[in-house]
Amino acid sequence: MRHPLAVAILICLSTPGFAESVDVTIEDPAIRLDFKANASVPDATLKTNYRFGGAIIEPHLRLAISTYDDRRAAYASAGFDLPFGEVDVGRPRSILDAGPLPTGAPGVPQTLRPLAAEAALNETLGAGLRIAATQGPVSFGTSFHSIEQSSLSILGVAGRYDLRQITAVDNAAVYGGAESDGDEQRFRLGTEMTRGIATAGVDLFRTSEDEGRTLSQVYLGLAVTPSVSLGISGLRDTLDATVTRFGLGASVATEGGAFFQGGVDGVTSEDPAFGLSVGFEF
């Protein structure tokens, strides 16, 4: 190996009884690796940052499982956190699910899901890529997924603008996103405001299926603690404007990178649907 000193340090870090803090930088004409580790008895942990062309790159791994009634979707992706945003490859979520758009009411299952999320629940979602970036008040991104046993693929784009100059609220945002598999299209437009522990939003969903279908939604989220949020939503379908579908949910996030979300969509209807999502990030 070109850097025997790095090997010796890693061996020391894995040896019980070594309890010192170590910062080591190894420089190569093409690649610079920064190793920063804190070891204690009896465990040792190692976090690695990579520098390419002066930019810090931090790797991550994301795993998640979602259920909606009797269907289940699994996601797994690996990628990097970059100065401008993040990149995920494997089987990541749609950019309409994980990216610049708000999640809506915490824990409440979506009545009209992104096409990639629907394909994942049908166990037909293939490999994909998601890129998300932030520049000042603007956040944007894109995702691409293949569909197994099909020539179709799903392309999604999304963007968000945070209006930080409004003094009456902590933050206000406008956003929008679209997704298409070449046959069907789905759109989401909305605005969201946050003040104190409360977040309120208004969404408009549109799908090209069934000769066009539009859903309007209002939601409220309450961050009862830094890691626990509760959500409630009301949704109305243009196909049946006399019926409002209510949702209830909760979301829990841990400092270790795990999250738990669960709730019911249509709590007062004759056909309520239950959803649960569990995920981890390393």
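Predicted model: local features only at pLDDT ≥ 70, side-chain atom pairs only at ≥ 80, totals over all residues.
## Overall architecture

The chain has 282 residues, of which 39% count as buried.

The secondary structure consists of two helices and 17 strands. When contacts between residues at least 6 apart in sequence are considered, 40% of them join residues at least 24 apart.

## Salt bridges around Arg-160

Side chains of opposite charge can pair when their charged atoms come close. The protein contains 16 salt bridges. Arg-160 takes part in a salt bridge with Asp-162, with an N to O distance of 3.1 Å, and in another with Glu-192, at 3.9 Å from N to O. The latter pair links distant parts of the chain, since Arg-160 belongs to strand E9 (residues 153-162) and Glu-192 to strand E11 (residues 185-195), 32 residues apart.

The partners in these pairs are shielded from the probe: Asp-162 and Arg-160 are both buried, and Glu-192 is buried together with Arg-160.

Arg-245 is in strand E15 (residues 240-253), while Asp-271 lies in the loop between strand E16 (259-265) and strand E17 (273-281), so the pair ties together parts that are 26 residues apart in sequence. Arg-245 has a relative accessibility of 18% and therefore counts as buried, the limit being under 20%.

Elsewhere, salt bridges with shared partners connect Arg-62, Glu-86, Asp-88, Arg-130 and Glu-281 in one network.

## The second largest pocket

The volume of the second largest pocket is about 200 Å³. Both Arg-245 and Asp-271 belong to its lining, which also includes Thr-111, Arg-213, Leu-215, Leu-235, Asp-237, Asp-240, Val-243, Thr-244, Thr-268 and Ser-269.

By residue class, the lining of the second largest pocket comprises five charged, four polar and three nonpolar residues. Strand E13 (213-223), strand E14 (228-237) and E15 each contribute at least two residues to this lining. E15 provides the largest share, with four residues.

## Positive phi in two loops

Most residues other than glycine have a negative phi. Glu-123 is not a glycine, yet its phi is positive, at about 60 degrees. Glu-123 occupies the loop between helix H2 (115-121) and strand E7 (125-135). With a relative accessibility of 58%, Glu-123 counts as exposed because the threshold is over 50%.

Gln-149, likewise a residue other than glycine, has a positive phi near 55 degrees. Gln-149 is located in the loop between strand E8 (138-147) and E9. Its relative accessible area is 88%, and Gln-149 is therefore exposed.

Conventions:
Residues numbered from 1 in each chain as written. Heavy atoms only, no water. Salt bridge = Lys/Arg side-chain N within 4 Å of Asp/Glu carboxyl O. Buried < 20%, exposed > 50% of the residue type's maximum accessible area, 1.4 Å probe, protein only. Contact = heavy atoms within 4.5 Å. 1 Å grid on protein atoms, 1.4 Å probe; cavity = no way out; pocket = protein on both sides within 12 Å on 5 of 7 lines; lining within 4 Å. Points joined across faces, edges and corners; volume = space filled by probe spheres on them. Nonpolar A, V, L, I, M, F, W, Y, C, P; charged D, E, K, R; others polar.
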